[in-house]
Amino acid sequence: MQATITLNYANIKTAEAIAKAVSPDNFKVPPNLKVTTIHDDCKVITNITCEGKLATFTATIDDLLFNASTAEKTLQTINNKNKL
């Protein structure tokens, strides 16, 4: 199974921050799972390849989207506080 998830942002700085926040580089993943995340201009692109169970594949996608949402909310909170 394979998926490519592309998230679009208003600017490069936000895309870079989100990519760093969701990048799995510092986490161990099962040997049957490969996840890579990059930012390209204002986009965050994540490729997921899973040779295991469908549940692992869908859980990985769910985790990615949850972590991206959390990072977005964190950036928004920081930006709102800086405007005060």
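## Fold at a glance

Helices and strands here are DSSP runs, numbered from the N terminus. With that settled, the order of elements in this predicted model reads β-α-β-β-α, starting at the N terminus. That comes to two helices and three strands in the protein chain.

Take the C-alpha atoms along the principal axes and they fill a box of roughly 50 × 20 × 20 Å. Among contacts with a separation of 6 or more, 61% link residues 24 or more positions apart.

## Helix H2

H2 covers residues 54–83, which is 30 residues. From its first C-alpha to its last, H2 reaches 44 Å, close to the 44 Å expected at 1.5 Å a residue.

Which residues of H2 are buried? They are Phe 57, Thr 60, Ile 61, Leu 64, Ala 68 and Ala 71. A bit of helix geometry is handy here: an α-helix has 3.6 residues a turn, so residues three or four places apart point the same way.

And what do the buried residues of H2 pack against? Their partners are strand E1 (2–8), helix H1 (12–22), strand E2 (33–40) and strand E3 (43–50).

## Surface and charge

Across the protein chain, buried residues make up 30% of the 84 residues. The accessible surface comes to about 6000 Å², and carbon and sulfur atoms account for 54% of that area.

As for charge, the protein chain carries 9 positive and 8 negative side chains. The centres of those two sets sit 6 Å apart.

How values were computed. Residues are numbered from 1 along each chain as its sequence is written. This is a predicted model: local features need pLDDT of at least 70, side-chain atom pairs count only at pLDDT 80 or more; totals for chains, interfaces and linings use all residues. Side-chain values use heavy atoms; hydrogens and water are left out. Helices (H or I, at least four residues) and strands (E, at least two) are DSSP runs, numbered from the N terminus. The expected span of a helix is 1.5 Å times one less than its number of residues. Buried means under 20% relative accessible area, exposed over 50%, partly exposed in between (1.4 Å probe, protein chains only). Contact means heavy atoms within 4.5 Å. Accessible areas come from the Shrake-Rupley method with a 1.4 Å probe; for residues, only the protein chains shown count as cover. Lys and Arg count as positive and Asp and Glu as negative; His and the chain ends are not counted. The place of a charge is taken as NZ of Lys, CZ of Arg, CG of Asp or CD of Glu.
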